[in-house]
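Trainee: I would like to go through this structure with you. Could we begin with the packing and then move on to other topics?

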Amino acid sequence: MDLSTLVYGLNLAAIYGLMAIGISILWSSVGMINMAHGATFAVSGYAAWLASTAMKPVIAAAFGKTLLASLATAGVVVGVALIAGALMGALIYLLAFLPIHDKPNFAVRSLIVTLAINIATVQALLFFFGPRSRGLPKIFGFGRLEIFGVSIRYDQAGTILCTAVLLLVVLEWLRHSRKGLEICAMMQNPEGAALSGVSVRFTALPIMMVTGALAGMAAALLSQTIFVSPTAGAIPLIKGLTIALLGGLGSVPGAVLGALLIGFLEAFTGVIPFLGQRYVMFIQFAFIITVLVIRPRGLGGLLDDTRE
Amino acid sequence: MVDVTQTKQSAPKKLYKVGRHHHDYRLRPNGTQEWSRARLPFTRRHWLKWRGINNPRTLTRERVLVDKKPLWWTLSLGALLIVTPFLPNAMINVAAIFCMYAAINVLWTLIIGTAGIFSLATLAVVGMAGYAAAAANVYLGVPWPLMFAIGPVVGLLIGGILALPSTRLDGLYYALLTMGVAEICRIFVTQLRPLAPTNGSINKVGSFIPEDWFLQREGLLLGFAGAFVLLLGALLVFRLVNSERLGLLLRAAKTGREDEAFSEACGIDFRRARMQVFLISSAALGVCGAFYAMYYRSISPSVFSLDQLLLLFAMMVIGGLGRSEGAVLGAAIVILIDKGFVELGPLRIMLVALIMGGVTIFAHEGLTGARQQFRNFRNRKKSERRAVRTEKGGEVMPEEATEIADKQEIYYRRFNKRLRDELKTYITPELIEEHRQAPLGRHSDTLERVLNYFRRGEVPDKYAILRVDGSMDRFRILAFSGERGAPPRVVDDKEYQTLSEAYHAVFLLRVNDLLES
């Protein structure tokens with residue numbers, strides 16, 4: 001076990017955190033568990049792959065093999081992933097939120113509808129693209145970099161950095177923009193927010209799109225390490241969901257803390273010789289069950305009581 | 001309703017049928033004989049829920065079947081039982097799998113619906129019980145009938161472990177925990193080499209199906225018969241738990257926190273009741289697990305997979321969460337799509353997902369709740385249309401009429417309404433002028449009719465003339481309260497010089513009331 005394990009853990013934590021925070025924000029503001037987050041992940045990955053293969057000759061023609069070319073590729077991949085994620089979020093809004101948000105049993109029904117969207121999307125991706133996994137262009141390039149004697153792969157460094165920046169931007173947007181304040185109001189007290197003139201419908205749409213874009217970003221980043229495949233969203237979805245629950249649904253700091261814990265746990269479990277990669281899920285669930293038995297509302301779970 | 005309004009030939013009015021069940025078939029019992037009803041052995045319950053009623057219109061005695069569900073159950077399960085032996089082998093297999101999954105679903109419904117515990121570890125319980133029973137059979141040489149004993153014991157054990165945190169956690173947190181337990185079970189089974197040497201599965205399990213019949217037509221039919229009995233058993237467990245004491249206790253603590261607090265205050269230990277339901281259904285799921293291992297003569301880790309769980313969940317959702325008929329109907333639909341149309345490939349999973357999404361978006365409580373939802377919708381539309389077509393004013397609405405016990409009241413109110421409508425056409429300036437000129441004495445026929453109607457009015461709000469301070473030239477108008485001891489109220493502060501003027505003022509007030517009614 002060395003410090004590179006630590007970096008690997010941080011890398012995983014960054015990606016899972018992007019998913020978990022999306023799920024957490026969505027639950028606390030809109031009151032739905034988005035099971036289609038994994039589908040958003042997969043769709044964004046495929047969109048980025050399609051766009052990058054389509055733009056490859058264009059970029060090669062325009063910039064050749066310069067630094068600008070790789071920058072343009074990175075821009076295309078990240079931009080398309082973000083946009084595809086946001087569009088997928090809007091689609092989920094149209095299917096799983098708009099028709100039923102004022103009907104009885106919204107929480108359970110939206111969960112089921114998003115689950116159905118997830119399954120249908122994965123099957124559709126399988127149908128159109130086949131089970132073969134695709135590799136995205138490496139937007140951070142190949143190579144290693146030495147910081148304080150620790151060697152870090154470019155993609156790990158890039159992932160951690162990008163996630164930190166993106167999360168900061170989103171949190172600042174939540175704290176300072178008008179829409180963000182409306183979302184915060186809905187997270188604190190949905191009924192009160194509705195009474196003071198915050199439209200539930202028009203606030204839910206940007207939330208869905210932003211959380212979808214976060215999932216898209218996670219897809220673009222994780223695909224630097226693994227490949228894009230139709231079922232690629234399942235593991236991040238389960239991880240994101242468990243982390244969101246571990247952190248206490250609705251608590252962003254809790255989700256960040258949960259992501260760090262789970263990321264490091266995964267990294268260290270993989271390194272310990274007699275456990276190995278096979279036991280990652282086993283250890284993780286055992287850990288989460290222990291935490292939940294001790295703290296039934298998760299690490300930062302305070303909001304849950306008000307939601308009931 | 002008797003066709004009262006048709007007597008008025010000039011304006012025939014469309015009459016609407018009254019009541020909600022005018023096509024209902026009703027038994028006419030022989031009133032001279034006693035009603036003897038068969039009872040379920042050893043209980044005081046009757047087989048079917050017949051109720052004797054008096055038809056308020058025809059005044060005859062009738063019998064109504066209040067709960068028709070047992071008939072539907074008998075019809076559908078009987079049809080399955082009769083049709084299956086004539087099906088090709090593959091479809092017999094599908095029918096048996098349907099029965100098995102329906103049984104698991106019914107028991108799961110008990111956990112989610114009756115106990116209100118959102119557990120996703122159903123298949124984990126089934127799988128662990130199946131593994132334990134299979135291992136006991138293969139490695140310890142336990143004969144197959146004893147597997148049906150090992151299954152529920154292991155199921156009870158796993159259920160007990162799962163039930164412990166259920167009092168502390170609720171909702172999604174508990175769902176997550178159970179999902180984790182399922183995953184842990186899967187890894188436990190695949191990694192435990194001595195238990196399952198080949199790919200985590202145990203093969204060559206002994207079974208109630210003889211080995212040389214396995215996958216033959218006889219074996220399939222026997223398997224179907226077993227699965228059918230399993231389904232009947234699951235339904236029996238559901239009936240015994242959900243509609244008897246435990247289910248009734250839990251119904252008080254069903255929906256929210258307030259209800260839980262309320263039932264606790266009533267002395268219902270709902271936590272204990274939930275735990276009991278959970279344990280009972282876990283033990284029953286253990287039986288399903290043992291059956292599963294026997295039916296396939298093997299068991300593999302795919303029991304624990306998330307896809308399988310989602311498929312089961314889709315069945316319940318499509319049928320309607322928390323209803324046994326929903327669990328069975330959903331299982332029928334999903335199994336038919338999943339196992340019946342194998343040639344469709346991955347598309348059939350998509351089809352299941354689409355059905356699931358569609359049903360959830362459009363139906364509030366799955367397909368089995370659609371009927372009630374449609375009725376609610378139709379009633380709403382009906383009342384909207386009725387509100388458009390009915391004019392207010394004392395007339396009884398058809399739906400209201402079924403609720404009024406004294407039918408005389410309905411006719412009186414209808415008569416009054418028609419009378420008022422008629423009288424309103426009499427009121428003309430000439431009539432008022434006639435009354436002004438001579439409030440007392442002989443009147444024309446029309447005025448006499450109007451006055452007669454006024455005189456018959458009820459005492460509450462009837463007008464009276466008050467002589468102010470006993471003088472002969474100051475009169476005011478009062479209205480009676482209609483209650484003994486409550487003083488009349490003064491209508492306005494106008495004073496009239498002569499009695500005739502006062503009479504006419506009362507007349508005008510009444511005309512005003514009539515026209516406004």
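**Core, contact and hairpin**

Mentor: Please keep in mind that this is a predicted model. Leaving aside neighbours within four places in sequence, A:Ala218 is in contact with A:Ile15, A:Leu18, A:Met19, A:Phe41 and A:Pro236.

Trainee: Which residues touch the most other members of the largest nonpolar core?

Mentor: That core has 207 residues, and A:Ala218, B:Cys99, B:Met100, B:Ala103, B:Leu107 and B:Cys288 touch the most other members. There is also a second, separate core of six residues, among them B:Phe475, B:Ile477, B:Val506 and B:Phe507.

Trainee: Now the chains. How many residues does the contact take from each chain?

Mentor: Chain A contributes 31 residues and chain B contributes 26 residues.

Trainee: And which helix gives the most to the side of chain A that touches chain B?

Mentor: That is α4(A), with eleven residues. Helices α4 (106–129), α9 (234–246) and α11 (280–294) of chain A each supply at least two residues of that side.

Trainee: What is the make-up of that side by class?

Mentor: The side of chain A that touches chain B has 24 nonpolar, three polar and four charged residues.

Trainee: Changing topic: in what sense do β1(B) and β2(B) pair?

Mentor: Strand β1 (residues 50–54) and strand β2 (residues 61–65) of chain B pair in the antiparallel sense over five bridges. B:Gly52 stands opposite B:Arg63 in β2(B).

Trainee: What lies between the two strands?

Mentor: β1(B) and β2(B) form a hairpin with six residues between them, and B:Leu59 in the turn has a positive phi of about 60°.

Trainee: How many of the five residues of β1(B) are buried?

Mentor: The count is zero, and β1(B) is hardly covered.

Definitions and conventions:
Residues are numbered from 1 along each chain as its sequence is written. Chains are lettered from A and ligands numbered from 1 in the order in which they are written. This is a predicted model: local features need pLDDT of at least 70, side-chain atom pairs count only at pLDDT 80 or more; totals for chains, interfaces and linings use all residues. A residue is buried if 20 or more other C-beta atoms lie within 10 Å of its own, exposed if 12 or fewer, and partly exposed in between; C-beta atoms are placed from the backbone. Helices (H or I, at least four residues) and strands (E, at least two) are DSSP runs, numbered from the N terminus. Two strands pair if DSSP finds at least two bridges between them. A nonpolar core is a set of buried Ala, Val, Leu, Ile, Met, Phe, Trp, Tyr and Cys residues joined through C-beta atoms within 7 Å. Two residues are in contact if their C-beta atoms, placed from the backbone, lie within 7 Å. Ala, Val, Leu, Ile, Met, Phe, Trp, Tyr, Cys and Pro count as nonpolar, Asp, Glu, Lys and Arg as charged, and the others, Gly among them, as polar.
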